[in-house]
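Work through the following exercises with the sequence and the 3D structure at hand. Each task is followed by its solution.

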Amino acid sequence: MLVVMQAHATEEQVRAVCEKIETLGYRAHPIPGTQRTAIGITGNSGAIDSGTLDEMSGVQEVIRVSKPYKLVSRDVKEEPTVVRFPGTDGGFGGIDLGIVAGPCSIESREQAFTIAERVARAGARFFRGGAFKPRTSPYAFQGMGENAMKIMAEIRDRFGLRIVTEALDYESLDMAAEYADVIQIGTRNMQNFSLLRRAGRLRKPVLLKRGMSATLEEFLMAAEYILSEGNYEVILCERGVRTFADHTRNTLDLSIVPAVQKLSHLPIVVDPSHGTGKRDKVLPLSRAAVACGADGLLVEVHHDPDRALSDGAQSVTPDQFDTLMREIREIAAVVHRRVQAPAEAIARTAK
Ligand code: PEP
Ligand code: MN
């Protein structure tokens, strides 16, 4: 159910409706829009007697949301959600694309700083790096843990880059909430519902990757778990799905970008690195992602990819990343978007 407030409804009227919803035993999610505030209601298994709310002052109408996902839906919020970061010009969902770049894993302070310097110079505003790695083999490199988080916190101070890192479980989630700016929930955890709920109780943006065999509806429902707990800052990420095709590691499903944008107000970025698994495919798929309207990219970059401890085969070099940024800047203009200029990043790093 959704309560649509009148355009001129006062804050007190919105608050009174929220209180009423809560006294009925449900959860109220006030979502301000440019025209009016809508209040999503969750926690109800069937229809609520709308009469009680219909009559309240400031209420325009009470409507049933027929889709299984509610708070992520455009029915609740028509205009796109823009995830912003105070003190920076980086964000997701606005005119500027959110570009996240960095190594798959933090391997050492020197490795992380070398890569961070280059991606900042190229114009990225977000630095990614794994501290806890979800590896297929228990014998493969598992990440540097908290030491990696500390290195990334230093990178934020030095280069002004915002930090994106993955949480695998409750422990790493709490740690990521402490050190990072955006918490990544990976493909293998997209339906880890207790982790999603816990991330929903944080007040940090969450980058949610699509499960490797998830449908669009399952993907949106996973995001709904996070929003239903009160965290409305979710960035979706297409990272490829399993198909019979074996010329790439996964099949990057770019058609989900316009499909998500039609149904949801949440921003969606594309990860062409895991999406293809091959370095030489990252540039062409990055171009395509921007062309089809993605709100940003997540790209693995390594200065010595052949010696990377994880995902070297799909990591581009800093020089290749420079080319990628130059090219997507031109493509972004065609689709009325922007990629921030490298010069600004250099000025920021000089501070
Ligand atoms: C990653 O970003 O390094 C990662 C492990 O991603 P995914 O969950 O998409 O495999
Ligand atoms: Mn990786």
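**Exercise 1.** Are phenylalanine 85 and phenylalanine 126 buried or exposed?

*Solution.* This is a predicted model, in which local features need pLDDT of at least 70, side-chain atom pairs count only at pLDDT 80 or more, and totals for chains, interfaces and linings use all residues. Residues are numbered from 1 along each chain as its sequence is written, chains are lettered from A and ligands numbered from 1 in the order in which they are written, and side-chain values use heavy atoms, with hydrogens and water left out.

Step 1. Apply the cut-offs: buried is under 20% relative accessible area, exposed over 50%, and partly exposed in between (1.4 Å probe, protein chains only).
Step 2. Phenylalanine 85 and phenylalanine 126 are both buried.

**Exercise 2.** Describe the aromatic pairs of phenylalanine 85.

*Solution.* 
Step 1. Rings of Phe, Tyr and Trp (its six-membered ring) pair if their centres lie within 6.5 Å; planes under 30 degrees apart are stacked, over 60 edge-to-face, and the rest tilted.
Step 2. The structure holds five aromatic pairs. In one of them, the ring centres of phenylalanine 85 and phenylalanine 92 are 6.2 Å apart and the planes stand at 70°, so this pair is edge-to-face.
Step 3. Phenylalanine 85 also makes an edge-to-face pair with phenylalanine 126, at 5.1 Å centre to centre and 70° between the planes.

**Exercise 3.** Give the strand order of the open sheet of four strands, and find its edges.

*Solution.* 
Step 1. Strands are DSSP runs (E, at least two residues), as are helices (H or I, at least four), numbered from the N terminus; two strands pair if DSSP finds at least two bridges between them.
Step 2. The order is E2-E3-E1-E4, with antiparallel pairing.
Step 3. Strand E2 (27-32) and strand E4 (59-63) each have a single partner strand, so one side of each lacks a neighbour in the sheet.
Step 4. Within the sheet, E1 (residues 2-5) and E3 (residues 37-42) pair over three bridges, and valine 3 stands opposite isoleucine 39 in E3.

**Exercise 4.** Which residues coordinate the manganese ion (ligand 2)?

*Solution.* 
Step 1. Donors are N, O and S atoms within 2.8 Å of the metal (3.2 Å for Na, K and Ca); water is not among the atoms, so sites may look incomplete.
Step 2. The donors are Cys104 (SG), His274 (NE2), Glu300 (OE) and Asp311 (OD), at 2.1 to 2.4 Å.
Step 3. Their spacing in sequence is C-x169-H-x25-E-x10-D.
Step 4. Histidine 274 lies in helix H9 (residues 272-276) and aspartate 311 in the loop between strand E14 (296-300) and helix H11 (318-334), so the pair ties together parts 37 residues apart in sequence.
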